[in-house]
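Subject: Structure handover and findings

Hello,

Here is the structure I promised you.

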Amino acid sequence: MQKGNFNNNRGFGVEIEYIRPTNVSKQDICDALTVNCYVEEYNHDTVPYWKIVTDASVKADPSNPHSDSEDHYNGYVGDNEIVSPILYGESGFEQLKEILSVLNRMGCKVNYSCGLHVHHDVTDAMVEGKKESEKFLMNLIKFIAKYEHLIYKMVAPSRLDSRQYSTPVRRDYFGWNREGVTESSLKGMIRQLKKDCSSKYRNNDTSIDRANESPNVQLNRGCGLNLRNVWTRGSVEFRYHNGSLNFDKIVSWIVFTQAIVNTVEETNSVQMNYVPSDVERGFFRFRKAIGFVVCDRDERTKDASAYSLKRFKELSARENDYANHSDYVYVECGLTLNRGVA
């Protein structure tokens with residue numbers, strides 16, 4: 001049982017978007033690190049070293065959608081993302097600490113255009129076969145949809161804006177229905193996922209490689225829960241979080257999202273029932289579900305639990321800021337399945 005404890009044997013990875021001072025090059029950052037790090041062009045290759053790549057979505061001036069990597073704004077330049085290799089446990093956190101220490105020391109920052117993406121390895125569930133893969137993915141989608149109104153209250157309201165870099169599961173896996181998740185759209189998600197799994201595992205092909213197809217059940221690659229890499233690289237990606245160069249914040253988010261994955265792996269089925277939006281009932285129930293409210297927890301989980309509660313309380317007070325964004329309609333409250341609504 002992993003619930004309540006961080007699994008040091010599950011690989012994870014991070015993609016950290018940031019802006020840097022104009023007098024600091026990408027190579028300067030690599031040279032300041034003791035871990036292996038190289039400057040590369042934009043790519044999705046999984047490599048055994050850290051890499052700094054281009055990312056056109058990162059703007060030095062986020063108010064100007066037409067700015068590019070050559071634009072300077074108040075002494076900073078955009079188009080930066082540092083990507084980790086597959087990391088494990090405390091040794092991975094130590095590498096992450098060095099990366100963030102160097103970025104901060106060299107004057108790098110995050111702004112509105114930056115995001116933080118976290119990957120978790122689920123290869124074991126994927127290579128078991130169609131039945132196991134289908135069960136895990138279906139439960140993960142349903143689990144996130146069930147608690148997504150609480151997850152968004154742990155990240156900046158701007159993550160729900162029109163850029164669509166971290167869109168709701170309730171929108172992208174259930175047919176974009178502004179009426180909410182309905183019995184009809186739930187059945188549609190299940191039907192499409194089963195079709196995807198049947199296609200992937202035809203002829204008993206359980207391989208994980210770049211030649212595999214991606215599930216079609218996900219409408220938008222930028223969804224907060226991204227499954228596009230689940231059969232190509234064996235990972236699930238959480239894209240909800242706003243940009244950060246804060247070590248404690250990022251580690252807490254890694255532990256929090258891994259706790260979701262651990263919980264779903266140990267779950268037979270997820271009931272799509274209503275969860276309140278308040279801290280005493282709703283968020284407590286969520287934290288309890290992922291093992292954050294138990295006596296026997298490791299220190300990383302204790303810290304992540306305390307941070308998640310603090311973060312939720314702070315951001316819940318910004319209801320008007322969330323309501324300013326159109327996608328908030330999908331996640332403003334707990335799920336109530338609407339019968340008979342197409």
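First, a cut-off that comes up throughout: a residue is buried under 20% relative accessible area, exposed over 50%, and partly exposed in between. Asp321, at 30% relative accessibility, therefore counts as partly exposed. Please keep in mind that this is a predicted model.

**Salt bridges**

The count comes to 14 salt bridges. Asp321 is in one of them. Its side chain meets that of Arg318 at 2.9 Å, N to O. Arg318 is partly exposed as well, with a relative accessible area of 36%. Elsewhere, salt bridges that share partners join Arg171, Asp172 and Asp327 into one network.

Lys310 forms a salt bridge with Glu314, and the closest N and O atoms are 2.8 Å apart. Both residues sit in helix α9, 4 residues apart, so about one helical turn separates them. Glu314 has 41% relative accessibility and counts as partly exposed.

Glu213 and Arg202 also form a salt bridge, with 3.8 Å between the closest N and O atoms. The two are 11 residues apart, and each lies in the loop between α6 and β7. Glu213 is partly exposed at 43% relative accessibility. Arg202 is partly exposed too, at 46%.

What is the nearest side chain of opposite charge to Glu15, and how far away is it? It is Arg239, 5.3 Å away. A salt bridge needs a nitrogen within 4 Å of a carboxyl oxygen. Glu15 is buried yet has no salt bridge. Its side chain does have a polar contact with that of His119, at 2.8 Å. Glu15 belongs to strand β1, residues 12-21. Beyond its neighbours within four places in sequence, its contacts include Glu81, Ile82, Val83, Leu116, His117 and Glu237.

**Helix α2**

Does the length of α2 agree with what its residue count predicts, or disagree? It agrees: 17 residues (89-105) at 1.5 Å a residue should span 24 Å, and the end C-alpha atoms are 24 Å apart. The count of steps is one less than the number of residues. Among the buried residues of α2 are Phe93, Leu96, Glu98, Ile99 and Leu103. The buried residues pack against β1, α1 (26-32), β3 (50-53), β5 (76-83), α7 (247-265) and α9 (299-316). Gly107 follows the helix, with a positive phi near 85°.

**Aromatic pairs**

The structure holds 15 aromatic pairs. One of them is Phe6 with Phe12, edge-to-face, at 6.3 Å centre to centre and 75° between the planes. Phe6 is buried, with a relative accessible area of 6%. Phe12 is buried at 2%.

Tyr201 and Trp231 have ring centres 5.9 Å apart and planes at 90°, so this pair is edge-to-face. The pair links distant parts of the chain, 30 residues apart. Tyr201 is in the loop between α6 (183-200) and β7 (225-226), and Trp231 is in the loop between β7 and β8 (235-238). Both Tyr201 and Trp231 are buried.

Ring pairs also build a cluster: Phe143, Tyr147, Trp253, Phe256, Phe283, Phe286, Phe292 and Phe312.

Best wishes

Definitions and conventions. Residues are numbered from 1 along each chain as its sequence is written. This is a predicted model: local features need pLDDT of at least 70, side-chain atom pairs count only at pLDDT 80 or more; totals for chains, interfaces and linings use all residues. Side-chain values use heavy atoms; hydrogens and water are left out. Buried means under 20% relative accessible area, exposed over 50%, partly exposed in between (1.4 Å probe, protein chains only). Lys and Arg count as positive and Asp and Glu as negative; His and the chain ends are not counted. A polar contact is a pair of N or O atoms within 3.5 Å; within protein, one must be able to donate a hydrogen and the other to accept it, and residues adjacent in sequence count only if both atoms are side-chain atoms. Contact means heavy atoms within 4.5 Å. Rings of Phe, Tyr and Trp (its six-membered ring) pair if their centres lie within 6.5 Å; planes under 30 degrees apart count as stacked, over 60 as edge-to-face and the rest as tilted.
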